[in-house]
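These are my notebook entries on a structure that I looked up. I began with the ligand and then turned to the chains.

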Amino acid sequence: MDVLNIKNITKYFGTFCALNDISLNVKKGEVISIIGPSGSGKSTLLRCINRIEKITSGSITIDGTAMVENVNGKAKYISEKEVRQLILKTGMVFQHFNLFPHMTALQNVIEAPIKVQKKSREEAVKVAEELLTMVGLGEKMNNYPVQLSGGQKQRAAIARALALNPLLMLFDEPTSALDPEITGAVLNVMRDPAKNNMTMLIATHEMGFAKEVSDRVIFMDNGHIVEEGTPAEIFDNPKSDRLQHFLESIIR
Amino acid sequence: MSEFFSYVIRIWPAMQQGALVSLEIFAVTLILSLPLGLLVALVGLVKFKPVRWLINTYIWIMRGTPLLLQLFFVYFGLPTFGITLNSITSVFVAFALNYAAYFAEIFRAGILSIDKGQYEASQALGMTYSQTMRRIIIPQTVKRIIPPLSNEVITLIKDTSLATYITVPELLHAAKTAVNRDSVTTAYLVAAIIYLFLTLILTVISKKL
Ligand SMILES: Nc1ncnc2c1ncn2[C@@H]1O[C@H](COP(=O)(O)OP(=O)(O)OP(=O)(O)O)[C@@H](O)[C@H]1O
Ligand SMILES: [Mg+2]
């Protein structure tokens, strides 16, 4: 069964069309990179999947449960409570980390498992310690975000998202706010779940990484999916002018 | 000199009694207006326009007219509408409503200063709106609003003296009584020192937070 089905979604901000008739099916274990120029709608697509933004029309189904369906050309969501339950199957990693600054790394990670999933504190702490150790923050669990470097913050944020044990991880340019020399550590942390059959959607400007980990690459422009295919098809054999042009522009 | 001290000692019990009433006004106002202000701030964030309009009007009136006028309205004006409150209760009501408006503005500004990424992260983690406010937004807001809040709290200590206009026996009232009776202004000096002492304590506390 697909982890995610997106059918003909559009997203308007006022009169501006940020997503134009996007359809996408994601199978379990698939790693998909989303590339495209700035403003093409990559972030908006990810944000619509976990309902930070609400779509204007179309349907989104997560793990077989419809979150939003098209009713008379308009998007109709299931109840707020059901949406909250459903999006727990997705984990989001943001460009600017969005860690909670008044909580330590550990507290950041255990917050939702305890308060949302109602796990016991001991259990949540145990999982959090494992995850933080896995992302290389075993020694920094009790640091507050200001006491972490950018790369460490992002790794803590990845641990926080993984703590809810999601089916689908959404990464919105996880390394764009980081200095080039520390992106490697964050990308390494993402490689493990990718190899371990975690389903991932990654909006990224890291073409090397996209090429390496992706099963499929999606090229977006102007709110459309212009081209999609294997990394080899997209990077070595781009068909559309727009993709060719985009790839030329980023090689510099 | 010793005459001065013996006079101060003589009026001290009355002054102390007045200071206690001032502190009572101060404490009751804070206990009522802080939660009320938070409530007003949170309700003021809803998207429903008429509610926001109502809240904004309330804040506008409370901040746009003198506190003394509001106090007069509660004490002398409300009986016209069949609501008669004694003087100290009038002070509590007027002060609580007035300070709640100021606090609401401070809370609102604090809440709005939190990055929207914090809401998005909370939402992505499945937290409800109330969990997000309680666990994520308000704790971060608290740190930012302590300086403006301290200013208001210090102002409140001084504002308690307005109650003297409706004959509440607070500190300034006690001083005035002594001055009128004894025809010396020493009691004002004593009152000033007590106010200074109280604001100093509050300033020190607010620096420690
Ligand atoms: N809240 C919003 N209100 C209005 N317009 C928005 C909003 N969010 C995004 N947009 C617009 O939607 C378009 C797509 O934005 P989006 O952030 O999805 O682009 P992106 O592909 O992620 O770009 P980047 O690579 O720069 O992150 C942009 O033109 C942007 O200006
Ligand atoms: Mg983006």
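Predicted model: local features only at pLDDT ≥ 70, side-chain atom pairs only at ≥ 80, totals over all residues.

Residues are numbered from 1 along each chain as its sequence is written, chains are lettered from A and ligands numbered from 1 in the order in which they are written, and side-chain values use heavy atoms, with hydrogens and water left out.

**Entry 1: ligand 1**

I looked up the surroundings of ligand 1 and found 13 residues, the closest being S38(A), G39(A), K42(A), S43(A) and T44(A). By class, I recorded four nonpolar, seven polar and two charged residues in this shell. Here Ala, Val, Leu, Ile, Met, Phe, Trp, Tyr, Cys and Pro count as nonpolar, Asp, Glu, Lys and Arg as charged, and the others, Gly among them, as polar.

I then asked which elements of chain A each supply at least two residues of the shell. They are β2 (16-27) and α1 (42-49), and α1(A) gives the most, with three residues. Helices (H or I, at least four residues) and strands (E, at least two) are DSSP runs, numbered from the N terminus.

Next I read the distances to oxygen atoms of ligand 1. A polar side-chain atom of T44(A) is 2.5 Å from one such atom, and for a polar side-chain atom of S43(A) I noted 2.6 Å. G41(A) takes part through a polar backbone atom, 2.9 Å from an oxygen atom of the ligand. Of the 630 Å² of accessible area that ligand 1 has on its own, the protein covers 62% (Shrake-Rupley method, 1.4 Å probe).

**Entry 2: chain A against chain B**

I found 23 residues of chain A in contact (heavy atoms within 4.5 Å) with 18 residues of chain B. The two chains bury about 1800 Å² between them, 59% of it on carbon and sulfur atoms. Buried area is the accessible area (1.4 Å probe) that two parts lose on being put together, summed over both. R84(A), F100(A) and H102(A) supply 29% of the area that chain A buries against chain B, more than any other three residues.

How many salt bridges cross this interface? The rule (a side-chain nitrogen of Lys or Arg within 4 Å of a carboxyl oxygen of Asp or Glu) finds two. E111(A) forms a salt bridge with R135(B), with the closest N and O atoms 2.7 Å apart. On the side of chain A that touches chain B, α2 (80-87), β7 (90-93) and α3 (105-115) each supply at least two residues. The largest share, three residues, comes from α3(A).

**Entry 3: chain B**

I counted eight helices and zero strands in chain B. Its C-alpha trace spans about 70 × 45 × 20 Å along its principal axes.

How values were computed:
Near = heavy atom within 4 Å. Polar contact = N/O pair within 3.5 Å; in protein donor to acceptor, adjacent residues only side chain to side chain.
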